[in-house]
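Let's walk through this one piece by piece. Keep the viewer open as you read.

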Amino acid sequence: MSRTVKRFDVLLRKGKLPKPEEVPHLSTEIKFGENELQGINANFRKQFANHNNVARVIKYLFGYEIRYRRDGYDVTVFDKELKRAKEKFRESLLA
């Protein structure tokens, strides 16, 4: 057993970490409207539209991760609030 796993196990036994089954972890999809995609590269918008403007959203205990990995694109953002995560997603596509 690695030192990291041992340390995690000690913290878990001391009650300092939530048990894995207690951590809410949801995965779903989020759809972006055309107005949210204004100013983004036309090629990406076409590609994104082919997938119904949908990205994967994963809800963790401490925030939201929005992920889009298709056809050579790999965009991942994280924030505590879903609205801010969507803004970061859009900003990352503008860069």
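We'll take the strands, then a glutamine, then a helix.

This is a predicted model, where local features need pLDDT of at least 70, side-chain atom pairs count only at pLDDT 80 or more, and totals for chains, interfaces and linings use all residues. Residues are numbered from 1 along each chain as its sequence is written, and side-chain values use heavy atoms, with hydrogens and water left out.

Start with strand E2 (residues 54-60), which pairs antiparallel with strand E3 (residues 63-70) over 5 bridges. Strands here are DSSP runs of E, at least two residues, and helices are runs of H or I, at least four, numbered from the N terminus; pairing takes at least two DSSP bridges. E2 and E3 make a hairpin with 2 residues between them, and Tyr-60 has Gly-63 in E3 as its bridge partner. On to strand E4 (residues 73-79): 7 bridges tie it to E3, again antiparallel. Tyr-68 sits opposite Val-75 in E4, while Asp-71 takes a positive phi near 45 degrees in the E3 and E4 hairpin.

Now look at Gln-47, in helix H2 (residues 42-50). Leaving out residues up to four places away in sequence, Gln-47 touches Tyr-68, Asp-71 and Tyr-73 (contact means heavy atoms within 4.5 Å). Gln-47 is buried, with a relative accessible area of 19%; buried means under 20% with a 1.4 Å probe, protein chains only.

Last stop: which residues of H3 are buried? They are Ala-85, Lys-86, Phe-89 and Leu-93. These cover an arc of only 105 degrees around the axis, so they lie on the same side of H3 (the arc uses directions from the helix axis to the C-beta atoms).

Definitions and conventions: Buried means under 20% relative accessible area, exposed over 50%, partly exposed in between (1.4 Å probe, protein chains only).
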